[in-house]
Amino acid sequence: MTRPMAGGTVPLLSAADDQALLARIADEDAGAFETLYARYSAAAYSVAIGLLRDAAQAQEVTQDVFLAIWRGARGFDPARGSARTWILSVAHHKSVDAVRRSRRNPTVPLSETMTGAADVIEAAQARVDAGHVRRALEGLSIEQRAAIVLAYYGGYTQQEIAQRLGVPLGTIKTRMRDGLLRLRTVLPAPAPETAQ
């Protein structure tokens, strides 16, 4: 469908002419449809742009309006109002529907919603790695796990861990060494691009 036509070049028609055009459109007369489109596309577009404030959406709505007229011309009842009123009410309803759709599904610029692909991959890999580490830590003895967690997640030195747990420093060193050796055997090797 073409861009809505600006008025001024279309001969003036009476309300009876509009009704006759709709009756011919109901019988799938393409010439009558072209005439009606030339006469009312600018008015339908004006209704749409007035509600939507977006030229592209208004053009889409105008196309929807005339598609609805093509398909539903048989539904026009002159006893309920003029053809002009019916056409512009179709334009109004289609525009209101478009406004509702755009409110339900607002358009957000991609730059605000998109994160870098590398960020997503890194985040996913970090979650997978964290799961592997948690399962591996569960396989250690309570003493080994406590020493390693305090060192790597708590940031304590071996001396501070020994004081905190009330055991000799050598015992903490042994627990950590044995625990790390065991973790090395159960954790998967780092991926080639992350291994350094």
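Mentor: R39 is partly exposed, because its relative accessibility is 23%, in a model that is predicted. The side chain of R39 meets that of D18 in a salt bridge, with 3.1 Å from N to O. D18 belongs to helix α1 (residues 15-26) and R39 to helix α2 (residues 30-52), so the pair ties together parts that are 21 residues apart in sequence. D18 has a relative accessible area of 3% and is therefore buried.

This pair belongs to a count of three salt bridges. Another joins R24 to D29, where the closest N and O atoms are 2.9 Å apart. R24 has a relative accessible area of 40% and is partly exposed; D29, at 25% relative accessibility, is also classed as partly exposed. A further salt bridge links R177 with D178, the closest N and O atoms being 3.1 Å apart. For R177 the relative accessible area is 48%, which means that R177 is partly exposed, and D178 is partly exposed at 30% relative accessibility.

Side chains of opposite charge can pair when their charged atoms come close. R175 presents a contrasting case: this residue is buried yet has no salt bridge. The nearest side chain of opposite charge is that of E143, 5.4 Å away, whereas a salt bridge requires nitrogen and carboxyl oxygen within 4 Å. R175 lies in helix α9, and, neighbours within four places in sequence aside, R175 is in contact with E143, Q144, A147 and V167.

Helix α9 (residues 169-186) also holds L180, which is partly exposed at 32% relative accessibility. Together with V149, Y152 and Y153, L180 forms a nonpolar patch on the surface, with about 410 Å² of accessible area for the four together.

Positive charge also gathers on the surface, in a patch made of R71, K94, R100, R101, R103 and R104. Helix α4 (residues 83-104) supplies the largest share of that patch, five residues. R71 is located in helix α3 (residues 55-72) and counts as exposed, because its relative accessibility is 66%.

As for the setting of these side chains, the chain has nine helices and zero strands. Of its 196 residues, 26% are buried. The chain exposes about 13,100 Å², of which carbon and sulfur atoms supply 54%. Among contacts with a separation of 6 or more, 62% are between residues 24 or more positions apart.

Methods:
Residues numbered from 1 in each chain as written. Predicted model: local features only at pLDDT ≥ 70, side-chain atom pairs only at ≥ 80, totals over all residues. Heavy atoms only, no water. Patch = residues over 30% accessible without salt bridge, like charges linked within 9 Å, V, L, I, M, F, W, Y side chains within 5 Å. Areas by Shrake-Rupley, 256 points an atom, 1.4 Å probe, with all protein chains shown as cover. Helix = DSSP H or I, 4+ residues; strand = E, 2+ residues; numbered from the N terminus. Buried < 20%, exposed > 50% of the residue type's maximum accessible area, 1.4 Å probe, protein only. Lys, Arg positive; Asp, Glu negative; His and termini not counted. Contact = heavy atoms within 4.5 Å. Charge placed at Lys NZ, Arg CZ, Asp CG, Glu CD.
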